[in-house]
Amino acid sequence: MKVRKVLENEPLDPEDYYYLKDFSNKKGSVLSAKTNSQGKECYEVGFDRDVKGYFYSGDLILL
């Protein structure tokens, strides 16, 4: 999996924008998948050096 690239003028909350920007275009492996209380799929993704991130399916690109 790879985190999608975030565009500068994309309409996102500032918190979401900066979180995604830190992981933008990085490749990782899905460690776990869950459904949140709103019914959205959430993924825990592991990257190099034991770094983990949490993303919705729309934030990830299948490689």
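Select Arg49 to start. In this predicted model, Arg49 counts as exposed, because its relative accessibility is 82%, and the cut-off for exposed is over 50%. Arg49 sits in the loop that runs between strand E3 (41–47) and E4. Check its backbone: phi is positive, about 60 degrees, although Arg49 is not a glycine.

Move to Asp50. This residue lies in the loop between E3 and E4. Is Asp50 buried or exposed? Asp50 counts as exposed, at 77% relative accessibility.

**Whole chain**

Zoom out and switch to a cartoon. The secondary structure comes to one helix and five strands. Follow the elements from the N terminus and the order reads β-α-β-β-β-β. The radius of gyration is 12 Å, close to the 11 Å that the globule rule gives for 63 residues, so the chain is as compact as a globular protein of that length.

Draw a box along the principal axes. The C-alpha atoms fill roughly 30 × 30 × 20 Å. Buried residues account for 24% of the 63 residues. As for contacts between residues at least 6 apart in sequence, 31% of them join residues at least 24 apart.

**The core**

Which residues make up the largest nonpolar core? Select Val3, Val6, Tyr17, Leu20, Phe23, Val45, Phe47, Phe55 and Leu60: these nine residues form it. Colour the selection by element of secondary structure. H1 and E3 each supply at least two residues of this core. H1 gives the most, with three residues. Nonpolar side chains tend to be buried together in soluble globular proteins.

Stay with Leu60 and show its surroundings. Setting aside neighbours within four places in sequence, Leu60 is in contact with Met1, Lys2, Val3, Tyr43, Val45 and Phe55.

**Aromatic rings**

Show the side chains of Phe and Tyr. How many aromatic pairs are there? The count comes to six aromatic pairs. Take Tyr17 and Tyr18 as one of them: the ring centres are 5.0 Å apart and the planes stand at 85 degrees, so the pair is edge-to-face. Over 60 degrees is the cut-off for that label. The two residues part ways in accessibility. Tyr17 counts as buried, at 12% relative accessibility, whereas Tyr18 counts as exposed, at 55%.

Next, select Phe23 and Phe55. Their ring centres lie 5.2 Å apart and their planes meet at 90 degrees, so this pair is edge-to-face. Trace the chain between them. The pair links distant parts of the chain: Phe23 is in helix H1 (residues 14–23), Phe55 is in strand E4 (residues 51–56), and they are 32 residues apart. Phe23 counts as buried, with a relative accessibility of 9%. Phe55 is buried as well, with a relative accessible area of 2%.

Together, Tyr19, Phe23, Phe47 and Phe55 form one aromatic cluster.

Select Tyr56 and Lys40. Lys40 lies over the face of Tyr56, at 4.8 Å from the ring centre.

**Two glutamates**

Pick Glu44. This residue is found in strand E3. Is Glu44 buried or exposed? Glu44 is buried, because its relative accessible area is 14% and the limit for buried is under 20%. Show what surrounds the residue. Not counting residues up to four places away in sequence, Glu44 touches Ser29, Val30, Leu31, Ser32, Lys52, Gly53 and Tyr54.

Turn to Glu15 for the last stop. Glu15 is found in helix H1. With 67% relative accessibility, Glu15 counts as exposed, whereas Glu44 is buried. Finish with a distance label from Glu15 to Ala33. Their C-alpha atoms are separated by 22 Å, and the two residues are 18 apart along the chain.

How values were computed: Residues are numbered from 1 along each chain as its sequence is written. This is a predicted model: local features need pLDDT of at least 70, side-chain atom pairs count only at pLDDT 80 or more; totals for chains, interfaces and linings use all residues. Side-chain values use heavy atoms; hydrogens and water are left out. Rings of Phe, Tyr and Trp (its six-membered ring) pair if their centres lie within 6.5 Å; planes under 30 degrees apart count as stacked, over 60 as edge-to-face and the rest as tilted. Buried means under 20% relative accessible area, exposed over 50%, partly exposed in between (1.4 Å probe, protein chains only). Helices (H or I, at least four residues) and strands (E, at least two) are DSSP runs, numbered from the N terminus. A charge sits over a ring if NZ of Lys or CZ of Arg is within 6 Å of the ring centre and within 35 degrees of the ring normal. The radius of gyration is taken over C-alpha atoms; the globule rule is 2.2 Å times the number of residues to the power 0.38. Contact means heavy atoms within 4.5 Å. A nonpolar core is a set of buried Ala, Val, Leu, Ile, Met, Phe, Trp, Tyr and Cys residues joined through side-chain atoms within 4.5 Å.
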